[in-house]
Amino acid sequence: MKKLSLFFSICFLYTCTISAQQPFDKKLVLKQMILANDYFMQKWPETGKTIITNKERPSNIWTRGVYYEGLMALHEIFPKEAYYDYAYSWSEFHKWGFDKGNTTRNADNYCAAQTYIDLYNLEPDAKKLKNTKANINMLLNTPQLDDWSWIDAIQMGMPVFAKLGVLEKDNRYFEKMYQMYMYSRNKHGDNGLFNPKDGLWWRDADFDPPYKEPNGEDCYWSRGNGWVIGALAKVLTIIPENAPHREQYVKDLKAMAAALVPIQRADGFWNVSLHDPTNFGEKETSGTALFVYGMAYGINSGILKKETYLPVVQKAWDAMIKESLHTNGALGFLQSTGKEPKDGQPLSYDKFPDFEDYGLGCFLLAGSEIYKMK
């Protein structure tokens, strides 16, 4: 009887060990990503078709740029020709250019360059980077540092500089990226948009103190903070280990991750309003996905302790799959475009946002890092 008991104990320990080593079913994660992406590609077969909501917009705006970031992340782990062709068709339609042309200083407009550079790296062709280099070199060679006055812009713009710095083997891109990031961090608003005390970011100068949430807390918008931790993770995947200022990005990613753990909801999501669950405190998918992306990268890179952050990531991913992902691939509980908790409310499983593209991009980024877990 003792031998039998010992046998079952060993089997139990072995099962627990295997479970700990394989927290995610990679095939299932990939299947879920493909389902969500197929839904979108089937809904939007024409990559150049304009986006019509309250007005008509070209399909290379930031919302679609974020989607293609996610698509290229999916292509990296599952290089299906249809994904490359879809991204290439979109880029070709827009002549590898930007909304508002090559003199824009708005990071929303040049977010598309992230995908253009990815496609160039897969198959170099000078036409792919003509507009990107013209626009970003203009930013590089003019003195302004205050372009990223809202934290969403950090995600739209930072990775472009990082990718060009690697491609051109030119540290000037890394330096300019750092200076612009630190201006947003420490100078916009009264004392910068990052609050080191809470480890989180105010969306822009309109929301730093004395602005308060109804419960008296500072206003930290979920997706806005998601953009920042997502940008930090992406930049750290791009720049070399010895790149200047890398330690700053690592430090800030760790601070944000630590701040997010205690405010995760019991169901695995994060609220739209991170510090006031009574003010539009619903679960929200895009911010949650970006937090998963940032933390999963942190685990994969060794920046974050697996024993602390893996349960957080697993709980959040499981929640999105169970409560957000529809059987046809659509995503629920996605907040519409905006800049604060009240925008696009109320949220629900069956209500879809004004744009469905950026939320999917965030979801694919999260899934791609989970898929890479050992």
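Biologist: What should I know before we start?
Modeller: Residues are numbered from 1 along each chain as its sequence is written, and side-chain values use heavy atoms, with hydrogens and water left out. Since you asked, this is a predicted model, where local features need pLDDT of at least 70, side-chain atom pairs count only at pLDDT 80 or more, and totals for chains, interfaces and linings use all residues.

Biologist: How far apart are the end C-alpha atoms of helix 13?
Modeller: Helices are DSSP runs of H or I with at least four residues, numbered from the N terminus. The expected span is 1.5 Å times one less than the number of residues, so the 18 residues of helix 13 (residues 306–323) should span 26 Å. The model agrees, with those end atoms 25 Å apart.

Biologist: Which residue forms a salt bridge with Lys 133?
Modeller: Look for a side-chain nitrogen of Lys or Arg within 4 Å of a carboxyl oxygen of Asp or Glu, as that defines a salt bridge. For Lys 133, the closest N and O atoms of the pair are 3.3 Å apart.

Biologist: Glu 241 pairs with Arg 246; is Arg 246 buried or exposed?
Modeller: Their closest N and O atoms are 3.4 Å apart. Glu 241 has 67% relative accessibility, so Glu 241 counts as exposed. Arg 246 has a relative accessible area of 9%, so Arg 246 is buried.

Biologist: Which helix gives the most to the lining of the largest pocket?
Modeller: Helix 3 (62–77), helix 6 (113–122), helix 8, helix 10 and helix 14 each supply at least two residues of that lining. The lining has 19 residues, and Met 72 and Glu 76 are among those nearest the pocket centre. With 5 residues, the top contributor is helix 3.

Notes:
Buried < 20%, exposed > 50% of the residue type's maximum accessible area, 1.4 Å probe, protein only. 1 Å grid on protein atoms, 1.4 Å probe; cavity = no way out; pocket = protein on both sides within 12 Å on 5 of 7 lines; lining within 4 Å.
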